[in-house]
Amino acid sequence: MKVTGVKFKNTNKIYYFDPGKLEPKKGDHVIVETARGVEYGTVMLADYEIADEKIPVPVKPVIRIATPADDAVAKKNIEKEAGALEICRQKVEKHGLEMRLLGCEYTFDNSKILFYFTADGRVDFRELVKDLASVFKVRIELRQIGVRDETKLIGGIGICGRQLCCNTFLFDFAPVSIKMAKEQNLSLNPTKISGVCGRLMCCLKNEQDAYEELNSHLPSIGDHVTTKDGFAGDVIDINVLKQIVKVAVEVGDEKEARDYKPSELNFKPSRRRERRDEKEEAELRALEALDRKEGNHID
């Protein structure tokens with residue numbers, strides 16, 4: 001099936017739409033029908049072929065390629081958001097609610113305004129919604145989001161010196177566990193393996209498959225091995241990326257540290273696993289549950 005991939009403001013995720021007889025090009029702005037109404041988006045994929053089974057829901061249509069009038073409406077909506085956010089902040093203070101507003105968004109047809117916020121717990125904002133509805137005369141939606149979504153919305157610079165992955169190209173958040181840091185032989189100091197959001201860095205997941213494959217060819221630190229040059233000893237250090245194993249071997253009455261390649265050692269691999277163990281599965285389920293508890297993702 002031929003589809004058009006469209007990205008919306010405040011999200012990196014690409015959604016598929018049926019272009020019908022239209023021929024939108026990459027970079028064009030289009031008006032599309034979405035689950036929350038008519039929206040204005042940017043074409044990221046044009047004439048993209050995708051298997052029907054890879055599309056989980058019926059594909060909604062591209063209504064039209066955006067006209068100059070549509071562009072003007074979208075620009076005006078962005079200009080109005082700053083004022084709406086300030087009014088909402090004043091109302092939050094008036095009602096004495098413990099919540100931190102992060103941003104707001106008008107739907108293209110101005111039928112609804114969404115306000116994003118964070119809070120330590122549940123917030124009863126029913127009176128706030130009524131107050132805002134009386135001011136803006138449209139539907140109001142307040143959406144509580146978690147710390148990862150907060151960071152994605154605001155953006156920033158990571159410890160690598162580059163713009164945050166979640167704010168630039170990540171579509172969705174994948175569960176990240178401390179086991180991944182251990183697999184990659186990283187320091188377990190929280191300040192060194194946590195991102196700006198305070199959670200474990202998403203990039204640990206990006207490199208996990210490569211490290212699992214590399215570690216599957218290596219012994220573990222502390223393993224007893226024999227070498228092809230006739231020595232026996234214990235593994236004292238491993239360089240995963242260079243695939244070098246440092247072994248303390250007995251040479252006469254002394255011990256000497258020597259470097260070997262995995263192919264030069266005899267050992268029983270202990271890293272390769274065909275499936276996650278029960279402890280790791282439980283840890284990942286707990287992380288996923290925590291993300292759901294904190295709030296809905298903004299994608």
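Which ring does the charged end of Lys-152 sit over? Phe-173, with the charged end 5.6 Å from the ring centre. Keep in mind that this is a predicted model. There is another such contact: the charged end of Lys-80 sits over the ring of Tyr-106, 4.5 Å from its centre.

Now to helix H1. H1 covers residues 68–95, 28 residues in all. At 1.5 Å a residue, H1 should span 40 Å, and its end C-alpha atoms are 40 Å apart, so the two agree. H1 does have a kink of about 30 degrees, centred on Glu-81. Glu-81 is also one of the buried residues of H1. Others in that list include Asp-70, Ala-74, Asn-77, Ala-84 and Cys-88. Recall that residues three or four places apart in an α-helix point the same way, because there are 3.6 residues a turn. What covers the buried residues of H1? The cover includes strands S3, S4, S5, S6 and S7, along with helix H2. Just after H1, Gly-96 takes a positive phi of about 65 degrees.

On to the aromatics. The whole structure holds 6 aromatic pairs. Tyr-16 and Tyr-48 are stacked, 6.1 Å centre to centre, with 15 degrees between the planes. Tyr-16 is in strand S2 and Tyr-48 in strand S4, so this pair ties together parts 32 residues apart in sequence. Tyr-16 is partly exposed at 28% relative accessibility. Tyr-48 is partly exposed too, at 34%.

Next, Phe-117 and Phe-125. Their ring centres are 5.8 Å apart and their planes are at 80 degrees, so the pair is edge-to-face. Phe-117 is buried, at 0%, whereas Phe-125 is partly exposed, at 23%.

Last, a cluster: ring pairs link Phe-8, Tyr-15 and Phe-17.

Note on methods:
Residues are numbered from 1 along each chain as its sequence is written. This is a predicted model: local features need pLDDT of at least 70, side-chain atom pairs count only at pLDDT 80 or more; totals for chains, interfaces and linings use all residues. Side-chain values use heavy atoms; hydrogens and water are left out. Helices (H or I, at least four residues) and strands (E, at least two) are DSSP runs, numbered from the N terminus. The expected span of a helix is 1.5 Å times one less than its number of residues. The bend at a residue is the angle between axes fitted to the seven residues ending there and the seven starting there. Buried means under 20% relative accessible area, exposed over 50%, partly exposed in between (1.4 Å probe, protein chains only). Contact means heavy atoms within 4.5 Å. Rings of Phe, Tyr and Trp (its six-membered ring) pair if their centres lie within 6.5 Å; planes under 30 degrees apart count as stacked, over 60 as edge-to-face and the rest as tilted. A charge sits over a ring if NZ of Lys or CZ of Arg is within 6 Å of the ring centre and within 35 degrees of the ring normal.
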